[in-house]
Amino acid sequence: MRCAICKKKAEVYLPHHNLALCREDFKKYFLKRVKKAIDDFKMFEKGDKILLAVSGGKDSLSLWHALLKLGYDVTGLFIALGIGEFSERARKIVKEFSDKNKTNLITVKLENEFGGNTLPQIVEKTRGIPCKVCGKIKRYYFDRIAVKENFDVIATGHNLDDESAFLLGNILNWNIEYLAKQLPALPEEDGFKKKVKPLIYLTEREIAIYAFFNEINYNELSCPFSKKAKSHFYKESLHQMELSYKGLRIKFFKGFLRNQKIFGKAEKKYSLSPCKICGYPTSSEICGVCKIKINLGLIEEEK
Ligand SMILES: [Zn+2]
Ligand SMILES: [Zn+2]
């Protein structure tokens, strides 16, 4: 097979676009897709300060690489959760990436924030659900650091597979509220910075190929807490459908983006006000993270 652009030997075939590409033209194609998502949804511009949530997995590291290649001002934010070998590998890989690419990295160590407790210890002591506790804590630090350090926007590595699986789940369960706010770019609001997903036009496979072609070393271990969630099931179902209907996923997701307005504006259920301990926007008096700290005996609840 020949590259559709330069006619040299193709190394990749993308069935959903019926496109064969050589290594160099695939890299260019990938960057173009990232740039298109950024521009289509006015995610950010050159000169904006971007805070990128990095886990050490292929999505966030490939996005970091692509944003640097495209000339954006991006800083990685890594949260060291303390989940044994998984977190230790991730930490090393992220550090290596930032050293090699001479880019800014902020690391938050949970143990330093939670009186020596790692995520598994926090979960055990507060009898929480691991993914919920982890999500809450990570969001808190992304939001806070973005505000404190004056970033314009928070970027995450969600890809087409993630977003279309999420969409399928939301449609099957008629989560209108989620459909109304499943946007590739969420505006700055209520004391939270703007949030964007520049990889929405790229599949997991394309991202893995980009990482491979650019020799991006990433953490292949998966989190020991992440069980076979419903989202895996939706992802798998879409993969199966894609086998007999090429391009279904991108069609499904792009069609949603075009028609997203029919779900209306997300209704606000709660009004947010600053947490009376730390100032983080919350719907109750004390935010979720401060509640965890109270629960662990690290801070006292004001009377
Ligand atoms: Zn080529
Ligand atoms: Zn708080």
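Lys-125 sits in helix α5; helices (H or I, at least four residues) and strands (E, at least two) are DSSP runs, numbered from the N terminus. The model is predicted: local features need pLDDT of at least 70, side-chain atom pairs count only at pLDDT 80 or more, and totals for chains, interfaces and linings use all residues. Residues are numbered from 1 along each chain as its sequence is written, while chains are lettered from A and ligands numbered from 1 in the order in which they are written.

**Lys-125**

- Leaving aside neighbours within four places in sequence, Lys-125 is in contact with Asn-117 and Leu-296. Contact requires C-beta atoms, placed from the backbone, to lie within 7 Å.
- Ile-292 is 167 residues from Lys-125 in sequence, yet 9.4 Å away in space, C-alpha to C-alpha.

**Domains**

- Domain 1 covers 34-218 + 235-267, and domain 2 covers 270-303. These bounds come from an automatic or database domain assignment.
- Their C-alpha centres are 25 Å apart.
- Domain 1 puts 13 residues into the contact, and domain 2 puts in ten residues.
- On the domain 1 side, α5 (119-126) and α6 (130-148) are the elements that give two or more residues.
- The largest share of that side, four residues, belongs to α6.

**Nonpolar core**

- The largest nonpolar core holds 67 residues, and Ile-50 and Leu-52 have the most contacts inside it. Such a core is a set of buried Ala, Val, Leu, Ile, Met, Phe, Trp, Tyr and Cys residues joined through C-beta atoms within 7 Å.
- Helix α6 gives the most to this core, with six residues.
- Both domain 1 and domain 2 supply at least three residues each.
- Not counting residues up to four places away in sequence, Ile-50 touches several residues, including Phe-44, Leu-67, Tyr-72 and Phe-151.

**Sheet**

- Six strands make an open, mixed sheet in the order β5-β4-β3-β6-β8-β7. Strands pair if DSSP finds at least two bridges between them.
- The edge strands, β5 (104-109) and β7 (185-186), each pair on one side only.
- β7 pairs with β8 (residues 194-196) in the antiparallel sense over two bridges, and Leu-186 stands opposite Lys-195 in β8.
- Helix α2 (residues 58-69) lies across β3 (49-54), β4 (73-80) and β6 (153-155), at about 155 degrees to β3. Axes are lines fitted to C-alpha atoms, for helices over the stretch in contact, and angles run from 0 to 180 degrees between N-to-C directions.

How values were computed:
Two residues are in contact if their C-beta atoms, placed from the backbone, lie within 7 Å. A residue is buried if 20 or more other C-beta atoms lie within 10 Å of its own, exposed if 12 or fewer, and partly exposed in between; C-beta atoms are placed from the backbone.
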